[in-house]
Amino acid sequence: MIYKVLITPVEPSIDDRPNFSGLLADYEIEASSETEAEEVAFTRFCQEGPFRSHNRDDYTISVN
C-alpha cells in the first residue's frame, strides 16, 4: 500500500492536530504498514538532510 507521509517540526497547535505550516518533507512511501512507512520516511529524511536533527521527538510525522 502507498502511504502519504508528512514531516514537520514540532510546533504548538491550537486544535490538537499537527501544525503543517513548516512542512519539511512530503513523501509517498510504499510499505506494508503505517509503522513501516513512518520508519522508511524518517530514514530517508535523515539521509537527505544529514545536518538536521535526527531526534524523532523534534518532528511531527503524519502517516495517511
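Tutor: Bear in mind that this is a predicted model.

Student: Which residue in β3 does Ile-7 stand opposite?

Tutor: In β3 the residue opposite Ile-7 is Ile-61, and the two strands concerned, β1 and β3, pair in the antiparallel sense over 5 bridges. β1 also pairs with β2, again in the antiparallel sense, over 6 bridges, with Glu-30 of β2 as the bridge partner of Ile-2.

Student: How should I read the helix, and which residues of α1 are buried?

Tutor: An α-helix has 3.6 residues a turn, so residues three or four places apart point the same way. In α1 the buried residues are Ala-37, Ala-41, Phe-42, Phe-45 and Cys-46; because they cover an arc of only 160 degrees around the axis, they lie on the same side of α1.

Student: What covers the buried residues of α1?

Tutor: Their cover includes β1 (2–9), β2 (25–30) and β3 (59–63).

Student: Which members of the largest nonpolar core touch the most other members?

Tutor: Of its 15 residues, these are Val-5, Ile-7, Tyr-27, Ile-29, Ala-37, Phe-45 and Ile-61. Two or more residues of this core are given by each of β1, β2, α1 and β3, and the largest share, 5 residues, comes from α1.

Methods:
Residues numbered from 1 in each chain as written. Predicted model: local features only at pLDDT ≥ 70, side-chain atom pairs only at ≥ 80, totals over all residues. Heavy atoms only, no water. Buried < 20%, exposed > 50% of the residue type's maximum accessible area, 1.4 Å probe, protein only. Helix = DSSP H or I, 4+ residues; strand = E, 2+ residues; numbered from the N terminus. Arc of directions from axis to C-beta. Contact = heavy atoms within 4.5 Å. Core = buried A, V, L, I, M, F, W, Y, C linked by side-chain atoms within 4.5 Å. Pairing = 2+ DSSP bridges.
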